[in-house]
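Walk through this model one contact at a time.

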Amino acid sequence: MATRDIYETGFDEDVRTESSANQCPECDGRVTTNAVETVCEDCGLVIDEQRIDHGPEWRAYDDERRERTGAPLTAARHDRGLSTEIGRGTDAKGNELSGQKRRRLARMRREQTRGRWRSKAERNLAHGLGEVRRLASALELSDSVRDQACQLFRSAQNEDLLRGRSIEAIAAASIYGACRCNGLSRLVDDVSEMARVAESRVTNAYKTLNEELGLPAEPVSPSMFVPRLASDLECPDEIRQRARTLAEQAEERGVTTGVHPAGFAAACLYKAGREEGRWLTQSEAADVANVTAPTIRTHQNVLGEFST
């Protein structure tokens, strides 16, 4: 056989060839084989079927979008999710592995870990994205916010903003920046409490990201924190709506400039509770907002000047 004849066809191509080894068991007719089945040309008897499933592995309703592929790409991992993960202790069916196979897998994991990073920058990226995923899980953020934070961390590394700063601080700042861009009621205190760095370092890292990358972050208003604090205090809807009205009136008058947004929102809930006859204490409102009781009293006096 000539060399060129070997590569003329592939197993995926629907090419019919005659099978001289066997004949039809029914009529002794001519048997042909394609990529799907082996069939008799004379009587139409299907002798054998192709066991390889050439159909799509993902369920789709559009024929043009059906394709055989793996898991979708993700920005939450340094390699976009294309690397191989070697399990521990059990096989794919959940069966326990023997000691010899476990030791073999341990050696394979060690060699894979050594060859996974092509550079120190890629290793730092993997460490930073892992920290972003941990913080997003601890703060119960959605996958879309987590992916935006991971992309923000990538942009920070590409702009060489990690030099002289800790990876944990940039990761926490990326989480806080993604929350600010999506209008989520998260404070630096909330993020730094879950992170492994001080609040001041997270604040400085966020200022660097905001200045260098130009984040589309809007100013945080007290009205954004009213629903969250009302849920923590288990306030009824009447108090929550009244507190939001007070916060919006204060924002229109410009008295919320430079104040702690969560503390002002807690003061609005405290005043709304007093108006509705629910004796919410100042210490309870201060605890959920992570401020002091004098801060609640100060904001309450400001609210009393214009509220009706």
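**Helix packing and a pocket**

Helix 8 passes helix 9 in a right-handed crossing (the near helix is turned clockwise from the far one by less than a right angle). The model is predicted: local features need pLDDT of at least 70, side-chain atom pairs count only at pLDDT 80 or more, and totals for chains, interfaces and linings use all residues. Residues are numbered from 1 along each chain as its sequence is written, and side-chain values use heavy atoms, without hydrogens and water.

On the helix 8 side, the residues in contact include Ile239, Leu246 and Ala250; on the helix 9 side, they include Phe264, Cys268 and Ala272 (contact means heavy atoms within 4.5 Å).

Helix 9 also packs with helix 11 (residues 293–304), at an angle of about 65 degrees and with axes 9 Å apart. Among the residues making this contact are Phe264 and Tyr270 of helix 9, and Ile296 and Leu303 of helix 11.

Now the pocket. Which residues lie nearest the centre of the largest pocket? They are Tyr176, Leu187, Val220, Val259 and Pro261, out of 14 lining residues. The space in the largest pocket is about 260 Å³. Helix 4 (167–181) and helix 5 (188–194) each give two or more residues to the lining.

A pocket here is an open set of points on a 1 Å grid over the protein atoms alone, where a 1.4 Å probe fits, with protein on both sides within 12 Å along at least five of seven lines; lining residues have an atom within 4 Å of a point.

How values were computed
Helix = DSSP H or I, 4+ residues; strand = E, 2+ residues; numbered from the N terminus. Axes fitted to C-alpha atoms, helices over the stretch in contact; angles between N-to-C directions. Points joined across faces, edges and corners; volume = space filled by probe spheres on them.
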